[in-house]
Amino acid sequence: MASGKKKIVIVGAGLVGSLLGVLLGKRGYEVDLYERRSDDRNVEDDSGRSINLALSSRGIKALQDAGLYEKVKPLLIPMRGRMLHQADGDQQFSAYGQREHEVIYSVPRGGLNKLMVNEAVLAEPVHVIFDRKCVGVDFDNRTVSFENTIDGLVTEESFDIIIGADGAGSRVRRELIPAVDGEATSEFLEHDYKELEIPAAADGGYQIEKEALHIWPRGGFMLIALPNLDGSFTVTLFLKKKGDPSFESLDSSESVNAFFEAHFPTAIPLMPELGNDYANNPAGILGTVRCSPWHHTDCGLILGDASHAIVPFHGQGMNSGFEDCSELMRLLDEHDDDWSRVLPEFSRQRKPNADAIAEMAIENHTTMQKGVNDPKYHLKKEIGFELERRFPETYIPRYSLVMFHNVPYAEAFRRGVIQNEILNQLVDGVEEFDDVDFGLAEKLVAEKLG
Ligand SMILES: Cc1cc2nc3c(=O)[nH]c(=O)nc-3n(C[C@H](O)[C@H](O)[C@H](O)COP(=O)(O)OP(=O)(O)OC[C@H]3O[C@@H](n4cnc5c(N)ncnc54)[C@H](O)[C@@H]3O)c2cc1C
């Protein structure tokens with residue numbers, strides 16, 4: 001183990017930076033973890049809002065690697081599938097997987113981040129320094145500048161290795177990419193999002209099915225809701241920035257009410273604070289960050305949203321960032337902590353996987369908004385589950401490959417394309433599951449996936 005040999009600076013104690021701090025601390029590295037926010041571990045969130053995320057298999061594996069999963073478990077609510085809410089009030093449940101353990105989990109972002117920052121603070125060779133904003137990196141001299149966000153003073157720290165886990169707007173990325181003559185792009189969706197709330201029922205229970213991710217799919221826009229431990233749901237409205245309807249056009253309480261009456265009438269009685277929430281909560285932007293390379297020689301790396309922020313429709317941003325951490329540890333094992341080999345290898349191996357999940361997340365936006373209302377989508381899903389039962393070694397639905405199996409994203413994407421071709425052939429001219437030609441299915445699976 002390389003204890004004490006290298007001094008590592010991590011910028012950003014968000015979800016990924018704090019997990020990475022714990023993992024590197026466990027390997028015996030001296031880690032300074034700098035965060036621009038103040039230490040809020042003992043501050044109750046008084047906004048009354050809880051924002052949650054979907055945690056799945058890749059994220060769980062990384063938490064297990066860090067020895068944190070048992071501590072995180074009490075924060076989790078299983079979501080077994082999607083509950084689709086049609087405009088006429090009809091509801092359909094669509095399971096995510098077909099095995100008992102094939103569920104994803106709703107977890108509060110704030111609670112999870114506080115837990116992990118706390119673990120990083122407790123980890124012996126890790127020092128967490130709050131109220132420090134990274135304002136520059138000098139890779140030649142291996143120094144980084146931080147502004148003290150309380151008194152404005154700027155200080156310089158030295159490092160052997162600097163890791164940027166400072167999110168989608170990463171300062172470290174903005175320093176690293178020009179320094180290595182790399183490329184970076186940020187591509188924004190035409191949709192923004194706004195968080196709303198379904199509060200707990202009067203008796204403290206859940207107003208709608210607890211163990212599901214709820215979707216009100218309406219073609220060009222949608223509402224989704226994930227459960228919180230206190231009986232409430234965090235609701236997110238995804239809607240275009242401009243046009244009709246859009247966040248720009250819904251600019252008065254009358255227009256917001258008319259929009260919800262027209263498109264989400266069954267959600268209105270669940271959301272008594274809709275008007276206030278809509279008026280007071282900001283709209284956030286959604287985008288994809290792509291850049292290359294992710295490393296600087298043997299001394300710099302960016303990971304998590306800093307190198308590959310994605311849109312949230314596959315629930316994989318945090319999960320892929322957590323997987324970055326597990327993969328970095330695997331490469332350190334493989335290369336005896338030789339960072340000059342680990343960093344380029346990490347860039348080389350992870351980038352195609354990040355590109356693949358970015359693509360699948362964008363595709364899933366269309367699936368969630370409208371695909372789920374297409375009868376062929378449900379038929380294909382049913383056939384996919386049947387093929388998985390018949391050929392469990394060969395055929396695994398793409399959603400399951402991403403959420404429940406830790407095969408590389410690029411491989412899930414590649415197999416997904418082939419599997420979709422098979423499904424398209426099987427549903428061609430077919431309306432009912434009973435009419436599917438499973439003889440042809442067997443032949444196609446053997447030919448294309450065997
Ligand atoms: C609406 C929405 C829903 C989502 N849902 C899901 C989901 O269901 N499942 C999922 O897996 N992912 C989801 N995501 C994605 C997930 O939130 C991100 O992928 C994840 O937060 C990335 O973690 P990170 O640590 O890389 O970055 P961040 O969480 O952004 O953390 C970065 C940290 O760095 C700090 N920082 C920034 N700049 C500096 C600086 N200059 N100096 C010092 N510190 C700095 C920040 O204060 C912050 O603490 C969602 C995202 C959105 C927007």
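**Exercise 1.** How many helices and strands does the chain have, and how compact is the chain for its 450 residues?

**Solution.** The structure is a predicted model, in which local features need pLDDT of at least 70, side-chain atom pairs count only at pLDDT 80 or more, and totals for chains, interfaces and linings use all residues. Residues are numbered from 1 along each chain as its sequence is written. The chain has 14 helices and 19 strands, where helices (H or I, at least four residues) and strands (E, at least two) are DSSP runs numbered from the N terminus. Its radius of gyration, taken over C-alpha atoms, is 23 Å, close to the 22 Å from the globule rule, so the chain is as compact as a globular protein of that length; the rule is 2.2 Å times the number of residues to the power 0.38.

**Exercise 2.** State the span of helix α1 (residues 15-26), and determine which of its residues are buried.

**Solution.** From first C-alpha to last, the 12 residues of α1 reach 17 Å, close to the 16 Å expected at 1.5 Å a residue, the expected span being 1.5 Å times one less than the number of residues. A residue counts as buried if 20 or more other C-beta atoms, placed from the backbone, lie within 10 Å of its own. By this criterion L15, V16, G17, S18, L19, L20, G21, V22, L23, L24 and G25 are buried in α1. Because 11 of the 12 residues are buried, α1 is largely enclosed by the rest of the structure. Just after α1, G28 adopts a positive phi of about 95 degrees.
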